Amino acid sequence: MLKKRRGNPRFLEVRYTDTSRATAKKKELADDFAVKMTPLIRKLEADGYTSLGSISHALNELEERTRRGKRWTKTAVRNLKERMSAARTDSVIPPGSPLAQFFDE
C-alpha cells in the first residue's frame, strides 16, 4: 500500500513566490477597517467601556464582527487599537478629515 504524500504537490514551484503585493493589500484592508471602526470604538470608550474585554463584549453584543467575520476577542481589540494609533501616526487620516476628531492629539 502506497503512503499518500502530504502537503502542496507544487511546493518547490511556489516556495519562493513573491507575496509582498498580497501582504501589502492585506495591510491596506486592515487599515481601512481600522478607520471604519474608529468612531464606534471611540463611542464605546466614551460610554465607559475602557478595558479590552469590555469593548470586545460590547462589540459582540452589538453583533459587530471583525474584518474576517469573526467574534471579537481582547486580542483582536488590542490589535485594532494599535492599528488605529499607527494609522494616525502614518497620516492615513488626512488632517481636517471628519474622522480626525476621534484620534488623540
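Visitor: Which helix supplies the largest share of the lining of the largest pocket?

Guide: That share, five residues, comes from α4, where a helix is a DSSP run of H or I with at least four residues, numbered from the N terminus. A pocket here is an open set of points on a 1 Å grid over the protein atoms alone, where a 1.4 Å probe fits, with protein on both sides within 12 Å along at least five of seven lines, and a lining residue has an atom within 4 Å of a point. This is a predicted model, in which local features need pLDDT of at least 70 and side-chain atom pairs count only at pLDDT 80 or more, while totals for chains, interfaces and linings use all residues. Residues are numbered from 1 along each chain as its sequence is written, and side-chain values use heavy atoms, with hydrogens and water left out.

Visitor: Which residues that line the largest pocket are the closest to its centre?

Guide: The largest pocket has a volume of about 370 Å³, a volume being the space filled by probe spheres set on grid points that are joined across faces, edges and corners. Of its 14 lining residues, A30, F33, T66, R67 and R68 are the closest to the centre.

Visitor: What makes F33 and W72 an aromatic pair, and is the pair stacked, tilted or edge-to-face?

Guide: Rings of Phe, Tyr and Trp (its six-membered ring) pair if their centres lie within 6.5 Å, and planes under 30 degrees apart count as stacked, over 60 as edge-to-face and the rest as tilted. F33 and W72 are 6.2 Å apart centre to centre with 15° between the planes, and therefore they form a stacked pair. F33 lies in helix α2 and W72 in the loop between α3 and α4, so the pair ties together parts that are 39 residues apart in sequence.

Visitor: How do you know whether F33 and W72 are buried or exposed?

Guide: The relative accessible area is 13% for F33, which is therefore buried, and 5% for W72, which is buried as well.

Key: Helices (H or I, at least four residues) and strands (E, at least two) are DSSP runs, numbered from the N terminus. Buried means under 20% relative accessible area, exposed over 50%, partly exposed in between (1.4 Å probe, protein chains only).
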